[in-house]
Amino acid sequence: MDTIVAISSPPGRGAVGLVRLSGKEAFSIASAFCRKTGGAVLPADPRKALHTQILEPDGKLLDSALFLFLKGPASYTGEDTVELTCHGNPLILRRVVELCLQGGARPATAGEFTLRAFRNGKLDLVQAESVKRIVEARSRLELFAGQRMQAGILSRFLDEIRSKLIGLKAEIEAEIDFSTEDLTLQSQAERHNTSRQIIQDLEQMIQKSRGTTEMLSRWQITLVGLPNAGKSSLLNALLKEDRALVSDIPGTTRDTVAEDRDLAGTTVRLVDTAGLRSSSDPLEQAGMERTRLALRNSQIIVHVVDGSLPAHQEQLLQEEVPAHASVIVVLNKCDRLHPDHAASDLLAVSAKTGEGLAKLEQMLESTIESAYPPEPVLLEIRQMHHLKLAASALQRMQKLQTAAAPPEIVALEIQGALDEIGAITGAIDTEEVLGKIFSTFCIGK
Ligand SMILES: Nc1nc2c(ncn2[C@@H]2O[C@H](COP(=O)(O)OP(=O)(O)OP(=O)(O)O)[C@@H](O)[C@H]2O)c(=O)[nH]1
Ligand SMILES: [Mg+2]
């Protein structure tokens, strides 16, 4: 394998920047321009951080840096690796890469370090994909999910399925060599059970993973309610920022106002709306249309009721609420609560005094957290795709079994399912798939 080099730290300036080399020549290429203070060459001392001077070919000092040599296979890629931690100036980092290229390295392509790690058996494909998730996660939840995948939880699930399938296939293949008379009805029933169990496991996993990707990305929380209920005030209170206009004139908010904040370890988008009411004013109608759009894209809807007014029947139109969304009704202005609401069991809040806001935040948090499955989930569309194909191969297999089809054909479907599982972990890989996955990585990872 040739030796690759890349800047592994993010573009731009930082306190430090990392240049990484991987391959057989990593040490010799890097050590050619690195010297201890005083000029001595660096020892090939694995896992030891050495202080080094990086020198231009003419002997001028380019930077002083930290030199870390990792001897393969005990490295991320499984190959000899050198990491040079320099000062985080792009001019320095690019120059160090140039020196490496002059020394015989070549620029790494996107995800090539991780691809090499995969090729060298340091991680399977699911774990390689999780690396990208971990690097790019936009929320703590996504990060957590990526780390679970990295830890191999999904890989272990898939391995278990795989070994069950291999066992099943072996039994069925054994039939090919024996005459069917030897086959007891009991063993047939057992086999049927095993395959049913596997299908169930796969389907459960698919079920659990549905919508995961969306759930891990940004949640939208939309505030609706009658004019003057205090939606904009509540938005401002939740953001701790004077973001939306507030006034005692009904119909103040016409457009939607959206702002992000962190909640439950994830970024949520809070959206204030004009609410929903009938109006003949074209501008207001356009505002209502935006409210509807916001509602459609929401995972949580906060219905704000004005608690200072006498109780009246006020309900969100069911057709405006998406099926998957949770609705939380709050009684705002509890600082001036109308006696009608004295016995109300709605959550009482006050955008003005801040009362009940912590409770509302808790409710929002637990709604988000409860939607987050504690079990391993498939995070990538690719993984889901293959798992579904595996499940349908097994369903076909069951039908064939029931129809007493020849064992060769039954075994073929099991093999089909095995291939799909293998495609997820990378046990079976094609260059095309690998190219697709790793090209979405950043260079240097
Ligand atoms: N006392 C009291 N007044 C509040 C509270 N929340 C909002 N208000 C007042 O109620 C009025 C309407 O507040 P907004 O936040 O503009 O209400 P809105 O629901 O956004 O109204 P529209 O944009 O017109 O639909 C303002 O005068 C606020 O100061 C509260 O908790 N207590
Ligand atoms: Mg408003």
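Analyst: We take the domains first, then one arginine. This is a predicted model: local features need pLDDT of at least 70, side-chain atom pairs count only at pLDDT 80 or more, and totals for chains, interfaces and linings use all residues. Residues are numbered from 1 along each chain as its sequence is written, and side-chain values use heavy atoms, with hydrogens and water left out.

User: Into which domains is the protein chain divided?

Analyst: Domain bounds come from an automatic or database domain assignment. Here they give domain 1 (4-123), domain 2 (127-211 + 378-428) and domain 3 (216-370). The C-alpha centres of domain 2 and domain 3 are 44 Å apart.

User: How much area do domain 2 and domain 3 bury between them?

Analyst: Buried area is the accessible area (1.4 Å probe) that two parts lose on being put together, summed over both. Domain 2 and domain 3 bury about 620 Å², with 60% of it on carbon and sulfur atoms. On the domain 2 side, Arg 138, Arg 140 and Leu 141 lose the most area, together 63% of what that side buries.

User: How many salt bridges link domain 2 and domain 3?

Analyst: A salt bridge is a side-chain nitrogen of Lys or Arg within 4 Å of a carboxyl oxygen of Asp or Glu. The count between these domains is zero.

User: Is Arg 116 buried or exposed?

Analyst: Buried means under 20% relative accessible area, exposed over 50%, partly exposed in between (1.4 Å probe, protein chains only). Arg 116 counts as buried because its relative accessibility is 3%.

Definitions and conventions. Chains are lettered from A and ligands numbered from 1 in the order in which they are written.
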